[in-house]
Amino acid sequence: MASLKLLVSLPIICNVIYLLLPSTTIACDPSGTLVCNGRSYPQFTCSPPVASYTSAELTLNDFSQGGEGGDRSECDNQFHDNNELVVALSTGWYDGGSRCGRMIVISASSATTGRSVAAKVVDECDSVKGCDSEHAGLPPCGNNVVDGSAGVWNALGLNQDLGVVDVSWIMAE
């Protein structure tokens with residue numbers, strides 16, 4: 001009879017222990033606010049955790065000299081033709097340059113085109129700084145941005161006029 005009571009009590013005990021454990025959710029709260037042209041933007045030093053098929057916002061970036069991307073790419077100190085399959089990642093995902101030169105696979109949702117493309121990480125889409133000449137006067141990126149070249153958008157069959165599209169991505173290697 002005592003073993004039956006323990007079996008009945010076990011789920012209750014496990015639920016109480018679970019409630020007392022610290023949360024394992026990794027929060028990525030803003031680290032500050034940057035005012036740019038009279039508008040406030042959150043700043044982030046982190047990004048959501050990378051998982052298989054991490055959700056992101058694909059934005060359009062001009063990586064060429066004189067383009068809106070501003071300065072040379074952080075990873076290779078080069079400008080890139082807009083037909084190249086290259087991306088910049090939000091500060092947290094860029095991870096201090098640990099993903100430089102690595103390939104990611106970006107997938108558009110089936111609601112758009114359902115296509116996928118491999119692209120090389122060449123830059124950081126800065127989620128902390130912005131609004132200065134180094135960042136072409138642009139505000140900081142969100143913490144969940146894959147900033148792709150026109151080549152990436154074209155390969156995915158996306159309309160560049162949309163400006164932002166929900167995608168997912170994964171490390172290719």
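**View 1. Strands E5 and E6 in the predicted model pair in the antiparallel sense.** Val105 stands opposite Ala118 in E6. Five bridges join E5 and E6. Strand E5 covers residues 103-108, and strand E6 covers residues 116-125.

**View 2. Strands E4 and E6 pair in the parallel sense.** E4 runs over residues 86-90. Its pairing with E6 also rests on five bridges. Ala88 has Asp123 as its bridge partner in E6.

**View 3. Ser107 sits in strand E5.** Its relative accessibility is 12%, under the 20% cut-off, so Ser107 counts as buried. Beyond its neighbours within four places in sequence, Ser107 is in contact with Tyr53, Arg115, Ser116, Val167 and Ser168. With Ser116 there is also a side-chain link: a polar contact of 2.7 Å. Leu156 is 49 residues from Ser107 in sequence. In space, the C-alpha atoms of Ser107 and Leu156 are 7.6 Å apart.

**View 4. One cavity of 30 Å³ or more turns up in a search of the whole structure.** The largest cavity has a volume of about 50 Å³. Asn61, Asp62, Phe63 and Ser64 are among the residues that line the largest cavity. Gly67, Gly69, Gly70, Asp71, Ser73 and Phe79 belong to the lining too. So does Asp123, the residue that bridges to Ala88 in View 2.

Terms used. Residues are numbered from 1 along each chain as its sequence is written. This is a predicted model: local features need pLDDT of at least 70, side-chain atom pairs count only at pLDDT 80 or more; totals for chains, interfaces and linings use all residues. Side-chain values use heavy atoms; hydrogens and water are left out. On a 1 Å grid over the protein atoms alone, a cavity is a set of points where a 1.4 Å probe fits but cannot get out, and a pocket is an open set with protein on both sides within 12 Å along at least five of seven lines; lining residues have an atom within 4 Å of a point. Grid points are joined across faces, edges and corners, and a volume is the space filled by probe spheres set on the points. Helices (H or I, at least four residues) and strands (E, at least two) are DSSP runs, numbered from the N terminus. Buried means under 20% relative accessible area, exposed over 50%, partly exposed in between (1.4 Å probe, protein chains only). Contact means heavy atoms within 4.5 Å. A polar contact is a pair of N or O atoms within 3.5 Å; within protein, one must be able to donate a hydrogen and the other to accept it, and residues adjacent in sequence count only if both atoms are side-chain atoms. Two strands pair if DSSP finds at least two bridges between them.
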